[in-house]
Amino acid sequence: MSDKTYGLGGTEIKQEAAEALQQIPQNRTLLVEKLTHNQPVKAEVAKGLKTIDDVFDHYKPHVEMEFNNKDGVQSKETLHFSHLGNFGKKGIINQSDFLKDLDTEKEQYVKIVKQLKTNKILRAALTDPEAKNALLESIQTLISELESSK
């Protein structure tokens, strides 16, 4: 006999999990990586961690990264993960000055490509050798003026 008491007309709804977990869609890739460099000296049993935020608060995962710029100069940065949003593109870029600079550079290139595709006057100037040389000379002059104003 069950130790549960039911009233008339009641319906039991069993709770399956504390948090909703979804299956990963077939068109996605799951990457798993160790996010801390040092193994613990002694095994630790963590009790009372009920949410993902509790796990992040307890373990404080981080990873040290080395980035190389186009000149081969290295820079080291530590990326911290305090919630799932830190694992996305924006979450990682926002933590790194090196990646912010790369993202800004990428955005500038995207704007240039957009101008080349949509600006008819610029496209015409680039196809005419005389206009192209005049454009290059004016750009060189601007660069010289900017460098001398530093």
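What percentage of the 150 residues of the chain count as buried? The figure is 9%. Keep in mind that this is a predicted model.

**Whole chain.** Start with the cartoon view. You will find 5 helices and 2 strands. Follow them from the N terminus: the order is α-β-β-α-α-α-α.

**Aromatic pairs.** The whole structure holds 3 aromatic pairs. Select Phe-56 and Phe-87. Their ring centres are 6.0 Å apart and their planes meet at 45 degrees, so this pair is tilted. Phe-56 sits in helix 1 (residues 52-59), while Phe-87 sits in the loop between strand 2 (74-80) and helix 2 (89-93). The pair therefore ties together parts 31 residues apart in sequence. Phe-56 is buried, at 11% relative accessible area. Phe-87 is partly exposed, at 37%.

Next, select Phe-67 and Phe-98. Here the centres are 4.9 Å apart and the planes are at 15 degrees, so the pair is stacked. Phe-67 belongs to strand 1 (residues 62-68) and Phe-98 to helix 3, 31 residues apart. Both Phe-67 and Phe-98 are buried.

Together with Phe-56 and Phe-87, Phe-81 forms one aromatic cluster.

**Two helices.** Finish with helix 3 (residues 97-118) and helix 4 (residues 120-127). Their axes lie 6 Å apart, at an angle of about 85 degrees. That angle makes helix 3 roughly perpendicular to helix 4. Show the side chains where they meet: Gln-115, Leu-116, Lys-117 and Thr-118 from helix 3, against Lys-120, Leu-122, Arg-123 and Leu-126 from helix 4. This contact has 3 nonpolar, 2 polar and 3 charged residues.

How values were computed. Residues are numbered from 1 along each chain as its sequence is written. This is a predicted model: local features need pLDDT of at least 70, side-chain atom pairs count only at pLDDT 80 or more; totals for chains, interfaces and linings use all residues. Side-chain values use heavy atoms; hydrogens and water are left out. Axes are lines fitted to C-alpha atoms, for helices over the stretch in contact, and angles run from 0 to 180 degrees between N-to-C directions. Helices (H or I, at least four residues) and strands (E, at least two) are DSSP runs, numbered from the N terminus. Angles under 35 degrees count as roughly parallel, over 145 as roughly antiparallel, 65 to 115 as roughly perpendicular and the rest as oblique. Contact means heavy atoms within 4.5 Å. Ala, Val, Leu, Ile, Met, Phe, Trp, Tyr, Cys and Pro count as nonpolar, Asp, Glu, Lys and Arg as charged, and the others, Gly among them, as polar. Buried means under 20% relative accessible area, exposed over 50%, partly exposed in between (1.4 Å probe, protein chains only). Rings of Phe, Tyr and Trp (its six-membered ring) pair if their centres lie within 6.5 Å; planes under 30 degrees apart count as stacked, over 60 as edge-to-face and the rest as tilted.
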